[in-house]
Amino acid sequence: MTLLALMAASLASAPLAAADRADLRCIGVFAMMAGEDAEEKAGMTGAIMYYIGRIEGRGSRLDLDRNLKAAIEELVTSAETLDAEARRCGGEMVIKGDEIQNIGKAVPAEPAQQAGKK
């Protein structure tokens with residue numbers, strides 16, 4: 001077996017980091033919550049992108065498709081787990097939403113005009 005194949009095999013069989021597993025569960029929760037409504041779907045897409053970014057930001061080299069399927073299987077087999085994860089992930093999104101609103105408050109309403117006054 002070549003070195004590259006050995007490395008790929010070890011990555012595939014390596015246990016997931018706890019943070020990756022938690023973020024995959026959040027992706028699963030928001031993917032299941034995305035409905036047909038365009039606004040709702042956009043919100044869920046934003047949340048999914050946030051959690052994918054967290055995984056990528058850690059430099060995790062996991063197989064997203066395979067691991068996401070496993071995370072969703074875990075969620076759908078237990079209503080208690082799904083409910084707990086939905087509350088946890090939703091709480092995290094509330095905190096991020098507040099942070100984004102605070103950023104918006106810090107930006108002048110008309111930044112281009114403010115810059116021209118200097």
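## Surface and overall fold

The protein chain has an accessible surface of about 8,300 Å², and 60% of that belongs to carbon and sulfur atoms (Shrake-Rupley method with a 1.4 Å probe; for residues, only the protein chains shown count as cover). Please keep in mind that this is a predicted model, where local features need pLDDT of at least 70, side-chain atom pairs count only at pLDDT 80 or more, and totals for chains, interfaces and linings use all residues. Residues are numbered from 1 along each chain as its sequence is written, and side-chain values use heavy atoms, with hydrogens and water left out.

The chain holds six helices and zero strands, giving the pattern α-α-α-α-α-α along the sequence. Helices (H or I, at least four residues) and strands (E, at least two) are DSSP runs, numbered from the N terminus. Of the 118 residues, 18% are buried (under 20% relative accessible area; exposed is over 50%, partly exposed in between, with a 1.4 Å probe and protein chains only). Among contacts (heavy atoms within 4.5 Å) with a separation of 6 or more, 75% link residues 24 or more positions apart.

## The nonpolar core

Let's look inside. Twelve residues form the largest nonpolar core: Leu-24, Cys-26, Ile-27, Phe-30, Met-44, Ala-47, Ile-48, Tyr-51, Ile-55, Leu-68, Ala-71 and Cys-89. Such a core is a set of buried Ala, Val, Leu, Ile, Met, Phe, Trp, Tyr and Cys residues joined through side-chain atoms within 4.5 Å. At least two core residues come from each of helix H2 (18-33), helix H3 (38-57) and helix H4 (64-76), with H3 giving the largest share, five residues.

Cys-89 is in contact with Cys-26, Phe-30 and Tyr-51, leaving aside residues up to four places away in sequence.

## H2 against H4

The axes of H2 and H4 lie 8 Å apart, and the two helices pack at an angle of about 70 degrees. H2 and H4 are therefore roughly perpendicular to each other (65 to 115 degrees).

## A buried glutamate

Where does Glu-85 sit? Glu-85 belongs to helix H5 (residues 79-106). Its relative accessibility is 12%, so Glu-85 counts as buried. Not counting residues up to four places away in sequence, Glu-85 touches Arg-25, Val-29 and Leu-75.

Notes
Axes fitted to C-alpha atoms, helices over the stretch in contact; angles between N-to-C directions. Parallel < 35°, antiparallel > 145°, perpendicular 65-115°, else oblique.
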